Amino acid sequence: MAKLILQWLKFVVLCGTVGAVFEDQVGKFDWRQQYVGKVRFAHFDTHVQSSKKVVVATEKNVFAALNTRTGELFWRHVDKTGSEGNIDALLLQGADAVLVVGNGRLLRSWEVNIGGLNWEILLDSGSFQSACLVGQQDNVKYVAVLKKTVISLHYLSNGHQKWIENLPDSETVDYQAVYSGGNGEVYVLGVVPHSHIAVVVYSVDDGEILKQFSVEAAWLSNIQTSCAVVGKGMLTCVDSTTLSLYMLDLHTQLQMTQLPLQTLGLEVDPGFHPTLVSTQPNAARQPLSEFFLQLGPEHYVLLQLNNGQIVTLRDFKPAMLVSFATTGEKTVAAVMSPKNKTACGLNLFSADTGRRLLDTTLIFNMDPYGGKPETLYVQAFLKKDDSVGYRAIVQTEDHTLTFLQQPGRVMWTREEALSDVVTMEMVDLPLTGTQAELEGEFGKKADGLMSMVLKRLSSQFILLQAWVSHLWKLFYDARKPRSQVKNDVTIENLSRDEFNLQKMMVMVTAIRKPVNCRLHSFCFSSFKLFGIDSKTGTIVWKHYLDNIPSNAAFKLMVQRTTAHFPHPPQCTLLIKDKDTGLATLHVFNPIFGKKSHITPPALPQPILQSLLLPLMDQDYAKVLLLVDDQYKVSAFPSTKNVLQQLQEMASSIFFYLVDSSQGRLSGYRLRTDLSTELIWEVVIPPEIQRIVSVKGKRPNEHVHSQGRVMGDRSVLYKYLNPNLLAIVTESTDSHQERSFVGILLIDGVTGRIIHEAVQRKTKGPVHVVHSENWVVYEYWSTKSRRNEFSVIELYEGMELYNSTVFSSLDRPHAPQVLQQSYIFPSAISTLEATLTEKGITSRHLLIGLPSGGILSLPKMFLDPRRPEIVTEQSREENLIPYAPELPIRTEWYINYNQTISRVRGIYTAPSGLESTCLVVAYGLDIYQTRVYPSKQFDVLKDDYDYMLISSVLFALFFATMISKRLAEVKLLNRAWR
Amino acid sequence: MASPGGQGGGALSTRGGGGAKRMKWALELSLGNTRSRGDRQGGQGDVVYPIGYSEKPVPDTSIQETDKNLVEKRCWDVALGPLKQIPMNLFIMYMSGNTISIFPIMMVCMMAWRPIQALMSMSATFKLLESSSQQWLQGLVYLIGNLLGSALAIYKCQSMGLLPTHSSDWLAFIDPPQRMEIMGGGMVL
């Protein structure tokens, strides 16, 4: 018997579908884009003249080096998510980048050239405040790390701690900043809010306190936001209430001198908190004595500290952003000022004099669909004639990085918003103009035989013309060297391919703003829409939308596909403010990204849910129903035609609402006057368990086979209830003995509970996929401490109750329920099932793993009919004998070695080929590929030998001709004999 | 080579060479010339048979139209032919087994095709049987034999699972049921 099983397993292994790619197929159907997130710190690598790196640390806890020529990543290190991997500081010294990670938990040094780790040390506990490089005699050797109660000095070469000292009076004094001017002293600056500044001076050599003094400063509350060290150790602060500058010489420790801004002839914009921007080009030397003072949102002043006197060098108004840059001994100030509505000008000014440098103007054209510039990073370099040239990176509000070169050439842009995709859809591309012409011909009303014939002829002629021009282009391109042939994707040449494999990916990305953001998973203050060509990954269009409620939920729907020429396709994004409940609709064309001319209805009432009906109005747009908090329904579009259809259909339109906070599931029926009626309600006590997710079936899912063939050739019919909902609950009690995960299968129309299962001693997060007649979910088993998969399948039995129509209201028999569980050897990040055009192809589960792999697991392995004892019949049915462990085979990774960091979601879409399913995985990276769950049964293989086949055919053809001739000759000869 | 001059008394001879006169053939009518005497097989001395005489007895090939029994027998042979094949077919069926592979399929095809072919050329067979007095009975037997043969083929197909007799064979033709209700919704946004 065991031998038999072994044989059988061998068979399954050999014949099982394999999704691996060949080496020469790498990158042919798939692409990956790597992102880093919003940049928090960026430094140009200047230790080698020819270096083309910019080192960035981001809010996504990513540390990376970008190529300044192309914008691609040289290397990237992705740390843990959350505060544990948070990058607190980035200091660049030569080829070493020192990072403080996880609120002062770790100190790391990276080698910038190759991205290797030099050293890493664990710091003592304590909340991180500040860090700085410490130098002595033009030689930067140490890094100082200031924490709440302690300051430590570490060697830059190996991270070893030179000394560590407790800060005096750390209970009362809030130490916030550390500064070193390169003279063998480290200054720690602390503040007792609204009382005084405390300064402690340590010796670099042994950590001995050299000096300690405090200075009265009743107005000061935060050093980091309002103070800067300028010139020869002059602590300069700006106060917004008294509108004056305060200066304190750290060496002579005299009184603070107050200098009202009015005496300098400066005026602060009302309500604006002025800030200081200073620069310290070399950590072993003193900071520059020039600094910027920001007086308003678009007003900066360049000031100079000269022998204790403040001199105004230049007034910049309007100026959006300023930055200092140093090359060699020269320091320049870059100022960005608005030019007109769509462009900004960037100019360099000498820091010493405030004079504008010649030929340094750079024009930055702002994307009309983008955000405003937010941060400016400038790299200055000396040209051959000793003048200063520069390059700049501009970060805009929509997290776009733009690299600019004089005189305004955009070298590259990176859309870092794409590291935060919230939801996406794939839309078919439109037909080409000529194809559409042909389609349109049949769409129009017939007007006479003759004109139809003429029209047909003319459109055929157009086709012929297009074909000839295509051939000509092919011929023309073939003569050019390959490198010159550009395959740029533009809106003009976007068209559907033969098998509909190329689609438009519409992605909604959230742009988080840390200010005013509560600790909530949905905390966005603006968002950006992207249209990406799925074949190449080129961003075709983008649209930035600001002024979105900070706590919003999104729902993206395709109301009209491209199938209804000449009506443009139409997507609708529902944006709901979670605080007020009010919602707005953003209607746009998914192919061009343009906002639609259709005005969405004003929604005065808070919206609870939306529902896309399969009904269409006369313009072929699907009807969107919006349910408000009075349980009234409004339709969009709401033409007469639609309302009439709705009245006719009202009795068969149902919707359900799930309120997870109250644990209530309720079902409603639509009345003809567009009000609703509660027809069922199920309450899951929220004090025991809470509803985690609700999964219905995908509306575009097709199931080809209505049943499964048994070993005795009878049929086990599937229970294909399109109204079935899978509801996952988790226990509120998180004790590992009492926690559980529950799954509830409920009919959304009648509220009938079809099945209920509880997994004891388990906990979430639960990932669930609901499709066809099965539900697969994954959870953590606290008892056995492992990840487990469970599958539920529903069958009607050996007979169909009603084979022509399915009505939830008429289902007297409960379905048969089968369930099995398996052990999965890895944690998972996300779960999705493949989807194909007609549902003939077998299904696979796509599992996003935390390791960055995407596993394509055949659904065959998750089949509750897998037998424990192999029988003749189960073998006939091709059932794999039950084994508790699910295997992970390396050839099942659809993304081979292209790791996708922090996968958050997988989107699947059918293509025009039945065998092919398009897959997009998104997280920190975006990866697009195709999968063939049953192999490519409808396409000839890539390496199909056309030459051999055609040559054999021709050879046979000629052989037939020749032998025929020979036979004739022979017959003739015989006749003559 | 000199051939015997046929059955006739005239000796036909072809000469390869030797003689001064070369001729393709010659009919010797003179008695004096006994050049080819030695060639005569079983020639009795000098007896000369007339032309066209043969020593061997010629079998009697005239049809005995009166022998009815023989015709009957022959016709029965034709009529019983298909029935006689059945045991053979059974044996082949048993030997080929129920697996679906090229040889059993070929066998089954042959087994099914032969009776069908025979049934199609029924009229020709009837013409054969025309002379028999029991023509109708024989025709019936022939028909039954062929029907039995095809039934056997169908049975074989059945046991091999080639006949669409199970509900699973029609599964692919069932259309997905039409949805009566439209339903949607979800978590309160």
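This is a predicted model: local features need pLDDT of at least 70, side-chain atom pairs count only at pLDDT 80 or more; totals for chains, interfaces and linings use all residues.

User: Why is Asp733(A) called partly exposed?

Analyst: Its relative accessible area is 30%. That value falls between 20% and 50%, so Asp733(A) is partly exposed.

User: What makes Asp733(A) and Arg738(A) a salt bridge?

Analyst: The rule asks for a side-chain nitrogen of Lys or Arg within 4 Å of a carboxyl oxygen of Asp or Glu. Between Asp733(A) and Arg738(A) the N to O distance is 2.7 Å, and the pair qualifies. Elsewhere, Arg708(A), Glu793(A), Lys859(A), Asp863(A), Arg865(A) and Glu877(A) form one network, joined by salt bridges that share partners. Over all chains, the search finds 34 salt bridges.

User: What does the pair Lys60(A) and Asp420(A) tie together?

Analyst: The N to O distance of Lys60(A) and Asp420(A) is 3.3 Å, a salt bridge. Lys60(A) sits in the loop between strand 3 (53–58) and strand 4 (62–67), and Asp420(A) in the loop between strand 33 (409–415) and strand 34 (421–428), so parts 360 residues apart in sequence are tied together. Strands (E, at least two residues) and helices (H or I, at least four) are DSSP runs numbered from the N terminus.

User: How do you know whether Lys60(A) is buried or exposed?

Analyst: Lys60(A) has 19% relative accessibility and so counts as buried. Asp420(A), at 11%, is buried too.

User: Which parts does the pair Asp79(A) and Arg108(A) tie together?

Analyst: Asp79(A) and Arg108(A) form a salt bridge at 2.9 Å, N to O. Asp79(A) lies in the loop between strand 5 (73–78) and strand 6 (87–93), while Arg108(A) is in strand 8 (106–111), so the linked parts are 29 residues apart in sequence. Both Asp79(A) and Arg108(A) are buried.

User: How do you know that chain A touches chain B, and with how many residues?

Analyst: Contact means heavy atoms within 4.5 Å. By that rule 49 residues of chain A are in contact with 24 residues of chain B. Buried area is the accessible area (1.4 Å probe) that two parts lose on being put together, summed over both. For chain A and chain B it is about 3100 Å², with 61% from carbon and sulfur atoms. On the chain A side, Tyr656(A), Gln706(A) and Arg713(A) lose the most area, together 20% of what that side buries.

User: What makes the salt bridge between chain A and chain B count as one?

Analyst: Arg713(A) and Asp169(B) meet at 3.1 Å, N to O, which is within the 4 Å limit. One salt bridge is counted between the two chains.

User: How many residue pairs are in polar contact across chain A and chain B?

Analyst: The count is 18, both residues at pLDDT 80 or more. A polar contact is a pair of N or O atoms within 3.5 Å; within protein, one must be able to donate a hydrogen and the other to accept it, and residues adjacent in sequence count only if both atoms are side-chain atoms.

User: Why is Ser874(A) called buried?

Analyst: Ser874(A) has a relative accessible area of 6%, so it falls under the 20% limit. Ser874(A) belongs to helix 6 (872–876) of chain A. Leaving aside neighbours within four places in sequence, Ser874(A) is in contact with Pro867(A), Ile869(A) and Leu879(A).

User: What class does Asp352(A) get?

Analyst: At 47% relative accessibility, Asp352(A) counts as partly exposed. Asp352(A) lies in the loop between strand 28 (343–350) and strand 29 (362–365) of chain A. Apart from neighbours within four places in sequence, Asp352(A) is in contact with Glu290(A), Gln304(A) and Leu313(A).

Methods:
Residues are numbered from 1 along each chain as its sequence is written. Chains are lettered from A and ligands numbered from 1 in the order in which they are written. Side-chain values use heavy atoms; hydrogens and water are left out. Buried means under 20% relative accessible area, exposed over 50%, partly exposed in between (1.4 Å probe, protein chains only).
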